[in-house]
Amino acid sequence: MPAKLKDVPPSQVERLSFIEARLYFLGELRRADVAKRFSRASIQASRDLALYKELAPGNLAYDFQAKTYLPGEKFKLIFGRTPERVMYWLRSGLGDGLPHPQGLPTAAVESLSQPRLGELAVVTRAIYRRQILEVTYVSLSSGNTRRQIVPHALVDNGQRWHVRAYDRNNSRFSDFVITRLSKATVIDAGDTARHERGDADEQWNRTVELKLIPHPRLKHKGAVEADYGMRSGALLVKCRAAVAGYALRRWGVDCSQDHCLSETEFQLALANQQVLTSIDSSALAPGRIADVK
C-alpha cells in the first residue's frame, strides 16, 4: 500500500481499493459506481477518483464518448491482493446491485457442512473473550461426551469448520468440528492456565514447509507444474503444523511412502515426507492411516 495512504481515513482507503478492483478486474468504472456502492454524493466520488489518479496516474484512462474510466496501458496495482480474495469478491460481491455479484456469472461448489449460527456465535464469543466452554461433543469414535474446552482459533479444512481448543478431558490441544458441538455453555472457572492458552499450542504456533511435486507416475508433469506455478519442478508451501494434515488432504497430495496412490486422483506428491513425523495431524494425509475422531 502506498505510503501516501498512511493519513487517509480507512473508509476512503476502502473506496480507493474498490476503484482499483473495478478497473483492473472488470475493465471499466464510472463515477456513479463509486457513489452507488458507498451511498455517497457524486462530488465525493469525484474526490476519490482524483486522489486515486494522484496516487496512480498511469492507471486511469478516460473514454469521453462513453464517459467511462478504463485501465491505463501501464496499469500497476497499488493495493496488495491475493487471488483467493479476488475470487471471493467476484463470487460474493460487495453490494453493487449488479445482476451477478460483480457483473460476472460464477459458480462454486459449496460446503455441505455449515455450522449453525447459534453454535458458531457461542464459540466465537468464547475465543474473543477468552472463556471456557462446557460442551456436548459427538465423535465417530466415542459418541456423545461432555467436555470442557478452552478455544483459541477457528480452522476451515475445506469441508468443515473446526474450533482449535485445549481439551481438558484429554489434556491436549485438539480440533473440534463445530457442527458436532451442542449444549455449549460458558463456565465460570476463573482464568485459564498458561498451558491451556493459544500461545502454548505448539502445533498451532509452529510453521512447517511442505515440498510438493507432480506425482511421479504422471506422463506430462508440465501440466501440473503449470497449474501450481512450480519452480524447478516443485512447490514449497508453508503452513501451520496444526493444519498441515488437512491441507495435504484438501490438495490431494499422495503422502504414501512409495507414492502408490492413483496419479489420476492424486496429481501431487509430497517430496519431503520426513516432515510428517513432526505433524500431529499427519494421519489425515492421503496414504496415511486415518485418525478417526
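Here is a short briefing, going from the whole chain down to single residues.

This is a predicted model, where local features need pLDDT of at least 70, side-chain atom pairs count only at pLDDT 80 or more, and totals for chains, interfaces and linings use all residues. Residues are numbered from 1 along each chain as its sequence is written, and side-chain values use heavy atoms, with hydrogens and water left out.

**Overall build**

- The chain has 8 helices and 11 strands; these are DSSP runs (helices are H or I with at least four residues, strands are E with at least two), numbered from the N terminus.
- Its radius of gyration is 24 Å, while a compact globule of 293 residues would come in near 19 Å. That radius is taken over C-alpha atoms, and the globule rule is 2.2 Å times the number of residues to the power 0.38.
- Along the principal axes, the C-alpha atoms fill a box of roughly 70 × 60 × 35 Å.
- Of the contacts with a separation of 6 or more, 56% are between residues 24 or more positions apart; contact means heavy atoms within 4.5 Å.

**Surface and charge**

- Buried residues account for 41% of the 293 in the chain. Buried means under 20% relative accessible area, exposed over 50%, and partly exposed in between, with a 1.4 Å probe and protein chains only.

**Cysteines**

- Searching the whole structure turns up 0 disulfides; a disulfide here is a pair of cysteine sulfur atoms within 2.5 Å.
- C239 is in no disulfide, and the nearest cysteine sulfur, that of C255, is 11 Å away. C239 counts as buried because its relative accessibility is 12%.
- C255 is in no disulfide either, and at 0% relative accessibility C255 is buried.

**Helices α2 and α3**

- D33, V34, A35, R37 and F38 are buried in helix α2 (residues 31-38), and their cover includes α1 (10-26) and α3.
- L49 sits in helix α3 (residues 42-55) and is buried, at 4% relative accessibility.
- Beyond its neighbours within four places in sequence, L49 contacts I19, L29, R31, L60 and Y69.
- L49 and V34 are 15 residues apart along the chain, and their C-alpha atoms are separated by 8.8 Å.

**Loops and backbone angles**

- T192, in the loop between β7 (181-187) and α6 (202-205), is buried with a relative accessible area of 12%. Leaving out residues up to four places away in sequence, T192 touches I132, V150 and R197.
- Most residues other than glycine have a negative phi.
- R130 has a phi near 55° in the loop between α5 (117-129) and β3 (132-139), and R130 is exposed at 74%.
- S171 has a phi near 55° in the loop between β5 (161-167) and β6 (172-177), and S171 counts as exposed because its relative accessibility is 53%.
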